[in-house]
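I am opening a notebook on this structure. My topic is how the chains meet.

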Number of protein chains: 2
Amino acid sequence: VDIVIRELTGQDLTERFLETLASLSEVNLSVTEAAEVFQRRLRAGIRTFVALHHDEIVGTASLLIEQKFIHHGGKSGHIEDVAVHHDHQRQGIGSLLVAHATEEARKAGCYKVMLNCFDDRIPFYAKLGYRAHDRGMRLDFSGTAGS
Amino acid sequence: VDIVIRELTGQDLTERFLETLASLSEVNLSVTEAAEVFQRRLRAGIRTFVALHHDEIVGTASLLIEQKFIHHGGKSGHIEDVAVHHDHQRQGIGSLLVAHATEEARKAGCYKVMLNCFDDRIPFYAKLGYRAHDRGMRLDFSGTAGS
């Protein structure tokens, strides 16, 4: 498959991008609202990558870089929200996105990258060099938007 | 135990603070370097909390707030680097820090908070409302500082 991966730009914020994310979880954002959210993400230094096939968005993944005190002021990468459009699943696009985000974390000087997944995805991430390390714990707030 | 929890300030960046973090992992930072790291963390919006007992730092925990596109542009909290000074462990200070950071995530409008821990700490976090949700996967870069 002929896939290009690059950073998301404002012009990518279309229904197609939101539809791609919706394969992961409900999005429920207008294109206008998405542009505001994108600005807040940029200000916080969150990087969003998109995978394109013939100029059409087919996947996305995000990278947060956490500046720590420990590890001599080291940086830890966090990969979040890996999503592939439902019409393009099982074509290796998710792997390309995770490998790209991982490489960007390395270039940014991270000493490690973390991500969370369900157990059935462990073999997928193991092929990309990740090992099961610890447990992801979650607390949901009731009565908040999107809970 | 008489514990006060508040945000870290520049004046808290002492050997004592670094010693507290060192109960978690190697730190290997001078106080001057820690001040530079603290500025980078503030710019990225990472919040650092400290627990004090009679004005002495006895613990710390951090909170990252991730602005997402999914969940109607919702925010996800990430609790990181919970550490209690080795002279003050098993006094409930870690619980107070995690409860404080969780409450700050709620006030900031997060719909959930995530954290990662080893399996033996699941009961500790379960008492604070967290449930085992997924797996933490990790990739280490060799040859980078702090790896």
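Which side chain of chain A does D119(B) meet in a salt bridge? I looked it up: the partner is R135(A), with N and O 3.1 Å apart. I keep in mind that this is a predicted model.

**Entry 1: salt bridges**

I then asked for the count between the chains. The rule finds eight salt bridges across the interface of chain B and chain A. Over all chains, the structure holds 24. I picked out one more pair by name. E80(B) forms a salt bridge with K68(A), and their closest N and O atoms are 3.2 Å apart. I checked where these two residues sit. E80(B) is in strand β4 of chain B, residues 75-84, while K68(A) is in the loop between β3 (56-67) and α3 (70-73) of chain A, so this pair joins two chains.

**Entry 2: extent of the contact**

How many residues does each chain bring to the contact? I noted 65 residues from chain B and 65 residues from chain A. The area buried between the two chains is about 6300 Å². Carbon and sulfur atoms give 58% of that area. F69(B), M137(B) and R138(B) supply 17% of the area that chain B buries against chain A, more than any other three residues.

**Entry 3: polar contacts and make-up**

I turned to polar contacts next. Across the interface, 37 residue pairs are in polar contact, counting pairs with both residues at pLDDT 80 or more. Strand β6 of chain B, residues 131-140, gives the largest share of the side that touches chain A: ten residues. By type, I find 33 nonpolar, 16 polar and 16 charged residues on that side of chain B.

**Entry 4: strand to strand**

Strand β6 came up again here. In chain A, β6 (residues 131-140) is joined to β6(B) by seven bridges. The two strands run antiparallel. I followed one position across: G136(A) stands opposite D134(B) in β6(B).

**Entry 5: symmetry**

What rotation superposes chain B on chain A? I read 180°, with 0.0 Å of shift along the axis and an RMSD of 0.0 Å. That is the relation of a two-fold axis. The same surface serves both copies, since 100% of the contact residues of chain B recur in chain A. Last, I looked for the residue of chain B that comes closest to the rotation axis. R135(B) does, with its C-alpha at 2.4 Å.

Note on methods. Residues are numbered from 1 along each chain as its sequence is written. Chains are lettered from A and ligands numbered from 1 in the order in which they are written. This is a predicted model: local features need pLDDT of at least 70, side-chain atom pairs count only at pLDDT 80 or more; totals for chains, interfaces and linings use all residues. Side-chain values use heavy atoms; hydrogens and water are left out. Contact means heavy atoms within 4.5 Å. Buried area is the accessible area (1.4 Å probe) that two parts lose on being put together, summed over both. A salt bridge is a side-chain nitrogen of Lys or Arg within 4 Å of a carboxyl oxygen of Asp or Glu. A polar contact is a pair of N or O atoms within 3.5 Å; within protein, one must be able to donate a hydrogen and the other to accept it, and residues adjacent in sequence count only if both atoms are side-chain atoms. Helices (H or I, at least four residues) and strands (E, at least two) are DSSP runs, numbered from the N terminus. Ala, Val, Leu, Ile, Met, Phe, Trp, Tyr, Cys and Pro count as nonpolar, Asp, Glu, Lys and Arg as charged, and the others, Gly among them, as polar. Two strands pair if DSSP finds at least two bridges between them. Copies are superposed by least squares on the C-alpha atoms of residues with pLDDT of at least 70 in both.
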